[in-house]
Amino acid sequence: MTQEQAAQHRARFSDHKPQQDAYDYEMETYQKGLQYERPPLTFQASKWETLACDRMSAESKGYVHGSAGSRETDDKNKSAFKKWSIVPRRLTGHKQFPDLTTEIFGEKLQVPIAMAPVGVLRIFNPEGEVAATKAAAKEAVPYILSTAASTSIEDVAKANGEDGQRWYQLYWPNRENDDITISLLQRAKKAGYTTLFVTLDTYLLGWRPSDMDNGYNPFLRADQIGVALGFSDPVYRKRFKEQYGAEIEEKMGEAASGWMRTIFNGFSHSWEDVKFLQEHWDGPIVLKGIQTISDAKKAAEIGVQGIVVSNHGGRQQDGGNSSLGMLPHIVDAVGDKLKIFFDSGIRCGADIAKALALGADCVLVGRPYVYGLTLGGEGGVTHVLKSLIGDLELTLHIAGIPSVSKKDLNREVLVREEDLFEGIKGVSIH
Ligand SMILES: Cc1cc2nc3c(=O)[nH]c(=O)nc-3n(C[C@H](O)[C@H](O)[C@H](O)COP(=O)(O)O)c2cc1C
């Protein structure tokens, strides 16, 4: 990104604030409680999943809650957070709430949180991506649109609005479909998506028992839910007509499976292929799905701007490591060269604080906002975002941590819970 572009981004986003501060949301809730009014949705983050799953069809539940194989990776993602504890400091004299703002690729963020790319949101609520992206814009949280979305690139941009911060996630067609890749990138650029996230771990869907039990693959169905980006793509439409002598709408089944084979083409690209994206995307590129130090170093070598330390929420490969466990090792290797995003397993404010303390520059929230969407549409997503932000803000404030900047929120504020019990043998706990 040029200096000039960075300046433009900064100017565009610097005044974009959430409509209501998360702490005010808490206070408003207590005020309403004085009149015996209860919040429509629970603040207990650990309950969102069960409540939402109870309300979904078996297919939707299997799709969002499902993970690869025996769920081992997913389970480890979540339990890894408990291995770290935030150690509070007292009498800090801080007279302000923590500063949660940060800067990513020249864009000011009000909080170091973005909404992870999640496909097919209309299976959870008819408003799908439109509801999610509107809530993101209102809470000043960047929205990452998935290539597997059930709403087009352009319609999501419209709903996200002038002030919305939007990034685009690519499921990368194989090189025989370079013209389709270029078309997707150009559409995203034109619609105001500023950063490109390229997902590396999903060249086909993982072995997901819960989906197979339901015989459910949202991308094979002719209901247009998993294929919106393809069906609205001029290059894919032209190709389809040439091949079938018919419009997509006349042969929906073939068009849906054709699009699925285009974006989940079965085989991995190579490091050399990334050059193609660098030639065709004018802006920062972030590789999503990095889980090893050597891949993180290669990402830095080939000159992309960031990585997401992620294992797709354990949905792709079973028997894997926790994403959080790898985070500090990767940060030590490339944290000074790349922006480090993190996801997989974040469920509450303290989880966010821990990932940031371990060196992430920004975290992505996945399943929790899908549960909010199921429970309350746009309002449900808003509630989840406000809750996570409020929880993060007060967790930091009460721990005596004045900001999310690396000088304040770093490994010094953490202790491994295990070491506390070993500490007597010589681990220093300052
Ligand atoms: C229902 C669902 C759909 C997803 N779709 C996508 C997608 O289209 N593209 C992508 O890169 N990641 C996708 N992800 C992965 C998320 O971006 C993110 O990596 C993951 O949700 C993080 O794990 P967590 O949900 O356990 O926090 C999806 C996740 C879920 C739960």
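Modeller: Here it is. Keep in mind that the model is predicted. Start with helix H3, residues 45-55, and H17: their axes come within 12 Å and cross at roughly 165°.

Colleague: How are H3 and H17 oriented to each other, then?

Modeller: Roughly antiparallel, because angles over 145 degrees count as that. The crossing of H3 and H17 is right-handed.

Colleague: Which residues make the contact?

Modeller: From H3, Ala45, Trp48, Glu49, Leu51, Ala52 and Arg55. H17 brings Pro368, Tyr371, Gly372, Thr374, Leu375, Val384 and Ser387. By class, the contact of H3 with H17 has 8 nonpolar, 3 polar and 2 charged residues.

Colleague: Switching to the largest nonpolar core. Which members touch the most others?

Modeller: Ile307 and Val363, out of 115 residues in that core. Helix H17, residues 367-398, gives the most to this core, with 12 residues.

Colleague: What does Val363 touch, leaving out residues up to four places away in sequence?

Modeller: Pro112, Ile113, Phe342, Asp343, Ile346, Ile352, Ala355 and Leu356.

Colleague: Now H11 and H12. At what angle do they pack?

Modeller: About 120°, with the axes 12 Å apart. H11 covers residues 234-244 and H12 covers 252-263. That angle makes H11 oblique to H12. Their crossing is right-handed.

Colleague: Which side chains' residues meet there?

Modeller: Tyr236, Phe240 and Tyr244 in H11 meet Glu254, Ala255, Gly258, Trp259 and Thr262 in H12. The contact of H11 with H12 divides into 5 nonpolar, 2 polar and 1 charged residues.

Note on methods: Residues numbered from 1 in each chain as written. Predicted model: local features only at pLDDT ≥ 70, side-chain atom pairs only at ≥ 80, totals over all residues. Axes fitted to C-alpha atoms, helices over the stretch in contact; angles between N-to-C directions. Helix = DSSP H or I, 4+ residues; strand = E, 2+ residues; numbered from the N terminus. Parallel < 35°, antiparallel > 145°, perpendicular 65-115°, else oblique. Left-handed = near helix turned anticlockwise from the far one by under 90°. Contact = placed C-beta atoms within 7 Å. Nonpolar A, V, L, I, M, F, W, Y, C, P; charged D, E, K, R; others polar. Core = buried A, V, L, I, M, F, W, Y, C linked by C-beta atoms within 7 Å. Buried ≥ 20, exposed ≤ 12 C-beta atoms within 10 Å, placed from the backbone.
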